[in-house]
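Subject: Structure for you to look at

Hello,

Here is the structure I promised. Please open it and keep it beside you while you read on.

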Amino acid sequence: METAPAYHLILEGILILWIIRLLFSKTYKLPETYKLTEKEKEDLIEEWQPEPLVPPVSKEHPAITYDVVTGPPSHKIIINGKECVNFASFNFLGLLDNERVKEKALASLKKYGVGTCGPRGFYGTFDVHLELESRLAAFMKTEEAIIYSYGFATIASAIPAYSKRGDIIFVDEAACFSIQKGLQASRSFIKYFKHNDMEDLERLLKEQELEDQKNPRKARVTRKFIVVEGLYMNTSDVCPLPDLVKLKYKYKVRIFLEESLSFGVLGEHGKGVTEHFGVNMDDIDLISANMENAVASIGGFCCGRSFVIDHQRLSGQGYCFSASLPPMLAAAAIEALNIMEEDPDIFTVLRKKCEHVYSALQGIPSLKVVGVSFAPALHLQLERGSGSRVTDLQRLRSVVDYCLDRNVALTVARYLEKEERFLPPPRLQA
Amino acid sequence: MKKSSPQSGVHPRQNKQESFEQPPMYVAVMTYVGYGLVTLFGYFRDFLRAVGLEKCHVAQEREEQKDFTPLYQDFENFYTRNLYMRVRDNWNRPICSLPGPVFDLMERVSDDYNWTFRFTGKSIPNVINMGSYNYLGFAENNADFLKSVADRLQRYGAAVCSTRQETGNLSLHEELEQLVAEFLGVESSMTFGMGFATNSMNIPALVGKGCLIISDELNHTSLILGARLSGATIRVFKHNNMCSLEKMLKEAVCSGQPRTRRPWRKILIMVEGIYSMEGSVVRLPEIIALKEKYKAYLYLDEAHSIGAVGPTGRGVTELFNVNPGDVDVMMGTFTKSFGAAGGYIAGKKELVDYLRSQSHSAVYASAMSPAITEQIIRAIKCITGKDGSTEGIRRIRQLAENTRYFRARLKEMGFIIYGGDESPVVPLLLYMPAKVVAFAREMLARKIGVVVVGFPATPITEARARFCVSAAHTRDMLNQVLHHLNEVGDNLCLKFSRRKHPSRPDPCEETNS
């Protein structure tokens with residue numbers, strides 16, 4: 001073996017010493033100029049003043065004093081002591097004080113008590129719930145239906161169950177507040193199109209298609225949805241459903257239809273806007289409605305194909321983490337459905353009355369009627385606003401008071417001014 | 001392994017009672033092995049389905065829509081398809097009677113391993129109910145008790161068909177809110193139609209961008225959803241750990257908002273009274289001390305604790321002898337102890353007035369049904385004794401006694417249970433996935449209905465069965481349940497506790513020492 005040359009050994013020795021030094025030397029720290037001393041921290045804690053938990057609300061704010069209703073809110077309603085004809089509740093089919101509905105609810109109360117004491121997953125599923133779900137599915141001629149215990153939570157839980165971060169939702173500007181909350185909870189990209197304007201929607205869809213072609217891999221996993229309402233709460237008109245279905249197949253987007261106002265109102269048998277236009281039920285991916293309007297109960301439901309609806313049983317937050325609907329309200333809803341099925345004439349009667357009221361309200365000086373003629377909920381708007389929302393609201397409130405004095409109950413439509421995305425102008429709701 | 005607690009002003013009873021014992025090491029290992037095996041099987045079955053050897057039961061997309069973007073990603077549903085489906089007969093069990101201390105279950109069978117169920121038409125009568133949230137036994141259908149509710153239903157109908165701000169504000173609602181405020185000892189309160197929605201619709205009204213929410217690790221989904229919808233920054237502190245909370249508060253006040261360093265507009269601490277999965281009770285006096293020091297606001301969600309703890313059922317504020325005015329926002333639900341539905345928020349008059357005008361629920365969601373309102377009124381009158389009877393106090397005492405007895409016997413048998421001794425929510429740890437399922441099915445065969453929870457509602461190694469003790473349970477029922485638990489525990493080797501417990505401790509001695 002050759003002995004290594006001397007310089008080689010010395011070099012290696014120096015390298016080893018260098019490594020040892022590096023291993024044991026202290027790490028180099030940047031001088032910590034941002035670390036606070038304990039005294040400074042305590043000073044900061046003392047100085048900091050948070051805002052008050054709630055800002056003070058002036059006593060004249062219209063929303064603090066509610067009108068007090070004594071007695072049942074049926075066709076005649078006692079507001080603030082005066083008995084009036086009720087033009088302000090959403091009791092479209094008059095089922096609120098129907099004797100049959102009340103009887104069934106009473107029978108259910110005697111059998112099941114009041115509350116369910118549990119969510120659906122933990123012994124909160126009653127046979128009435130299962131019956132209501134199958135009846136709703138049969139009524140709407142879909143495969144399956146799922147019930148929620150509160151109308152607001154229905155669409156607000158359904159949207160985030162399917163649409164996640166990165167997906168795209170096209171929604172009408174006039175969408176109601178619960179849809180907006182559902183969109184917010186889903187964290188997807190939201191694209192608004194002008195109210196009932198199919199050209200605007202098509203323009204947005206075309207833009208999206210161009211983007212997709214640039215990035216096909218991403219497009220293959222991005223889900224796209226259109227969310228519309230059957231009868232809009234904020235403007236009382238109907239969405240153009242056949243055009244939407246054409247757009248659906250052309251651009252491959254799914255449709256979620258919110259039918260809170262149109263369920264039990266539109267269509268020959270009250271099945272909603274799909275029956276009104278004669279659209280095939282299978283073309284709509286999800287129909288969601290609440291039972292607090294025509295059906296005169298509490299809660300909401302979604303119906304559609306099992307492929308779509310079954311997913312909500314594990315991922316609908318308002319379904320899994322909340323107590324189920326009290327059985328007497330479910331029984332009331334079943335009986336209401338029975339009445340709707342037995343007697344389809346009530347829908348024609350309702351429609352006639354709506355048209356009558358609509359034509360009677362035309363031509364009132366300085367108030368214009370917003371909405372289609374067969375909508376059961378109309379808006380009366382000031383023709384010329386004064387420019388200030390507060391004065392407009394005060395004027396409308398005086399109109400309401402005037403009507404109350406003459407025993408007709410109307411109400412100012414309520415909106416949360418700071419939260420709505422597209423705030424509708426002040427109006428009355430009838 | 002007991003939890004450590006800081007020295008400041010701690011209620012002397014607290015230290016002794018919360019315990020979160022860790023299991024022996026082999027249990028954790030076997031749990032992971034169990035999940036691993038099931039996952040491997042899952043992949044294998046997916047492969048068989050893809051190849052066509054196994055029939056695919058999963059619902060399919062429409063033919064016309066096959067070229068749309070798929071609605072669900074394959075891996076999102078992996079857990080549902082392969083793990084949940086096989087054992088899902090333990091959840092969503094339908095009942096056909098009232099959810100009292102005993103109930104009737106509908107018998108359902110499956111011919112294809114739980115993909116579809118079929119009802120035989122028969123029912124399983126008199127199953128002891130250890131799963132419903134019926135703490136004070138108000139889930140009852142006694143005609144006398146329910147007379148006023150039936151009257152209201154007859155008079156008002158089932159619902160209101162309008163929002164609170166429009167024509168939905170009945171005089172009945174105002175009466176209820178008055179009663180709730182008196183009951184809790186605060187200035188005023190406001191009620192809502194759904195407990196879940198109470199949180200998700202009111203937290204955004206209280207905090208917004210530029211505010212900080214510090215919430216407990218194990219908070220309920222409704223609190224988390226409300227916090228996310230509000231737009232505020234959210235930070236999470238370790239469950240019931242006051243050191244973690246203090247550190248976070250100090251850091252928040254000193255450093256301010258993340259990038260701009262501006263001071264926070266408000267800081268809101270969100271905690272629950274009793275945590276439904278752990279059974280642990282919040283450390284209220286310590287949190288209030290911290291809140292005063294750092295000028296934060298406290299949001300207390302008493303969904304499970306209102307009516308269920310405290311000498312007169314007024315919740316954790318009474319349990320710890322704290323002034324209810326110290327808690328800024330008291331929230332609770334009526335579903336559990338009052339046997340109805342809905343929620344409330346209570347506090348100072350300014351807070352409630354603000355919510356009356358700004359809450360999403362008051363403006364857009366329908367008001368509470370009149371019959372349900374009457375039930376809550378009746379329940380509160382019963383608890384406070386306003387209806388002239390001592391039924392309320394009797395139920396509260398019965399609940400406390402049942403809770404103590406049940407917990408003491410379980411500990412003595414050698415099970416690991418979590419939570420404080422006053423909490424009527426008793427989680428019994430099972431750990432391994434197969435045992436969870438076997439436990440639930442075995443208890444049903446012995447006519448006891450239990451609730452089991454596993455991943456993802458709990459951490460992966462801590463699957464458990466959760467018992468809810470009720471004032472309506474008699475000593476005999478509890479003894480029957482305990483007897484069967486003993487047998488099943490021996491058969492399935494569930495007694496993991498390594499602590500020595502004196503046999504038959506007197507429940508009174510434990511709490512007074």
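Which residues have the most contacts inside the largest nonpolar core? They are A:F263, B:I267, B:F406, B:F439 and B:F467. This core has 227 residues. Helix α14 of chain A gives the most to it, with 10 residues. You will find that helix at residues 327–342. Bear in mind that the model is predicted.

There is also a second, separate core. It has 26 residues, and among them are A:V54, A:Y66, B:A232 and B:Y354.

Now go back to B:F406, one of the residues with the most contacts inside the largest core. What does B:F406 touch, leaving aside its neighbours within four places in sequence? Its contacts are B:M130, B:V426, B:F467, B:V469, B:L478, B:V481, B:L482 and B:L485. Look for B:F467 in particular: that residue is also listed with the most contacts inside the core.

Next, chain A as a whole. It has 430 residues, and 56% of them are buried. It holds 16 helices and 16 strands. Take the contacts in chain A between residues at least 6 apart in sequence: 64% of these join residues at least 24 apart. The accessible surface of chain A comes to about 20,100 Å². Carbon and sulfur atoms account for 57% of that surface.

An unreviewed UniProt entry annotates residues 6–24 as "transmembrane region". In the model, this stretch is 100% helix and 0% strand. Its end C-alpha atoms are 28 Å apart.

Best wishes

Terms used:
Residues are numbered from 1 along each chain as its sequence is written. Chains are lettered from A and ligands numbered from 1 in the order in which they are written. This is a predicted model: local features need pLDDT of at least 70, side-chain atom pairs count only at pLDDT 80 or more; totals for chains, interfaces and linings use all residues. Side-chain values use heavy atoms; hydrogens and water are left out. Helices (H or I, at least four residues) and strands (E, at least two) are DSSP runs, numbered from the N terminus. Buried means under 20% relative accessible area, exposed over 50%, partly exposed in between (1.4 Å probe, protein chains only). Contact means heavy atoms within 4.5 Å. Accessible areas come from the Shrake-Rupley method with a 1.4 Å probe; for residues, only the protein chains shown count as cover. A nonpolar core is a set of buried Ala, Val, Leu, Ile, Met, Phe, Trp, Tyr and Cys residues joined through side-chain atoms within 4.5 Å. UniProt positions are given in the numbering used here, feature names are shortened, and annotations may be inferred rather than shown by experiment.
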